[in-house]
Amino acid sequence: MKILNVDQIRSLDQSTIQHEPIAPINLMERAALTFVDWFVDHFPNTAKTKIFCGLGNNGGDGLAIARLLLEREYPIDIFVVRYAPRESDDFMHNHRRLKLVTENVHYIEAATDIPAVRHDDIIIDAILGSGLSRPTEGIVSDTIKAINRAPATVISVDIASGLYTDQPNSPTDVIIEPDYTLSFQLPKLAFLLPKNGPYVGNWQLLDIRLHKRFIDKAPTPYYYTQPAEARLLLHKRNRFSNKGTFGHALLLAGSYGKIGAAVLAARACLRSGVGLLTVQVPQCGYTIVQTSVPEAMCSPDRHQNVLTGTAQTGHPGNESLEPSDYSTVGIGPGIGKAPETLALLKGLLPTLKKPIVVDADALNLLAENRELLAYLPKNSILTPHPKEFERLTKKWDNDYEKLTILRDFARTYQVVVVLKGAHSAVTTADGDIHFNSTGNPGLSTGGTGDVLTGILTALLAQGYDPVEAAVLGVFAHGLAGDRVATHRGPIGMTASDVIDALRWE
């Protein structure tokens, strides 16, 4: 699913009006009806509802919503915030239609006109829309502050009043803090960025049947991965395939005290369809891996406590295979930053030609030895969390600058970067960013990153395109977390639970 900017959203509306064809006021009515259908499904008609409207088209949406809810016998109070001398044409049309069914329309021109709000009220915010280009001020700001202080449930129409769609707000800007945002047709870029969390709440998309051909042709670097799109990436398996069909992966993981990271990555790799898996760990982890992951082959390193990349002398395993002989390599979970492990990384990267997965301390070693970034195989997948990515690049002032740095880094080194977090961002070497739609705060626990490394390593070993592997792997990882949260709740979730909840169907 594409994410469009403000100008494109405006053009999308116009394209729908022109090609359907449909009158602008009827398109607004369609949006209002879709909003009301959602509202009726979630709140009984005993819910006392206050609708705050601005003077533009978002306010027109609010007036249409008020009329439609009145027809369904909801107790509605309507408040129009008069912040300008003129109203939009569509606002005026809906204002006239509303006045035919109710006189219960109040006007807010001063702070004393702002109504008191009870804890059991429902507030619908339709003051300002997606076209906002300057901070709120005056009576609009006063009204938003009053709504934010209220203990009521707040629902924003399309976007929270005061929130910019695709540029950063100032820390001092006054913005509605909704419980829900109901966005029309497509997500806004603002919804997917961490600092905007308080100004988005639980956001959902309402399909109002905007012009599909325009959306298909609209250029954008931003995408949002939906379930149907993720399923299309999944490879079907041939009945006559065998374990050799699905690749042989090498995981370089673990150090003394962190062998659990190797176990988690290995189990996730196996659960994600790899044909064969070899795990190289320090000697201290050999028995642990052999007993906890019997499906994997284990190649103990010559070093007792850290990885050096050299197999233990005389071990009857796979020491005849060089890392470059494997379908792919995953490196990083729990490896630490010992000098011997740095030497491993320096010797390994120049020998590899196929994409690999780089995570955790392998990323930190790259950040401390930046000359090694040039040796990353093209289209390798890096999986930093924000702090690791900051070490690889530089600090950013806001989330939009972070996206620019992310795209520049992926282009410069021709890699795929998975910036982990809510709506993890998969960034391609071409500069596209695919935001993920699955996952929950329960994934914020130790070991889930190791699980993701295992998943991505398995997908690369099976021959997935690196971008598709990253998009699909991140989606499946988050979906497994959502399954666990449904049964255990997010607080009690563990990384092992996520592995057990993986499904590929």
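**Close-up views of a predicted model**

**View 1. Helix α1 and the elements that cover its buried residues.** Helix α1, residues 6-19, comprises 14 residues and extends 20 Å from its first C-alpha to its last, close to the 20 Å expected at 1.5 Å a residue. The model shown here and in the other views is predicted. Within α1, the buried residues are V6, Q8, I9, L12, S15, T16 and I17. The cover over these buried residues includes α2 (24-42) and α6 (212-217). In general, residues three or four places apart point the same way, because an α-helix has 3.6 residues a turn.

**View 2. Packing of helix α10 against helix α11.** Helix α10 spans residues 339-348 and helix α11 spans residues 360-368; the two pack at an angle of about 80°, and their axes lie 11 Å apart. Angles of 65 to 115 degrees count as roughly perpendicular, and α10 and α11 are therefore roughly perpendicular to each other. On the α10 side the contact is formed by T341, L342 and L345, and on the α11 side by A362, L365 and L366. Of the residues in this contact between α10 and α11, five are nonpolar, one is polar and none is charged.

**View 3. The protein as context for the close-ups.** The protein contains 16 helices and 17 strands, and its C-alpha trace spans about 90 × 50 × 40 Å along the principal axes. Among its 505 residues, 56% count as buried. The accessible surface amounts to about 21800 Å², and carbon and sulfur atoms contribute 50% of this area. Of the contacts in the protein with a separation of 6 or more, 72% are between residues 24 or more positions apart.

Conventions: Residues are numbered from 1 along each chain as its sequence is written. This is a predicted model: local features need pLDDT of at least 70, side-chain atom pairs count only at pLDDT 80 or more; totals for chains, interfaces and linings use all residues. Side-chain values use heavy atoms; hydrogens and water are left out. Axes are lines fitted to C-alpha atoms, for helices over the stretch in contact, and angles run from 0 to 180 degrees between N-to-C directions. Helices (H or I, at least four residues) and strands (E, at least two) are DSSP runs, numbered from the N terminus. Angles under 35 degrees count as roughly parallel, over 145 as roughly antiparallel, 65 to 115 as roughly perpendicular and the rest as oblique. Contact means heavy atoms within 4.5 Å. Ala, Val, Leu, Ile, Met, Phe, Trp, Tyr, Cys and Pro count as nonpolar, Asp, Glu, Lys and Arg as charged, and the others, Gly among them, as polar. Buried means under 20% relative accessible area, exposed over 50%, partly exposed in between (1.4 Å probe, protein chains only). Accessible areas come from the Shrake-Rupley method with a 1.4 Å probe; for residues, only the protein chains shown count as cover. The expected span of a helix is 1.5 Å times one less than its number of residues.
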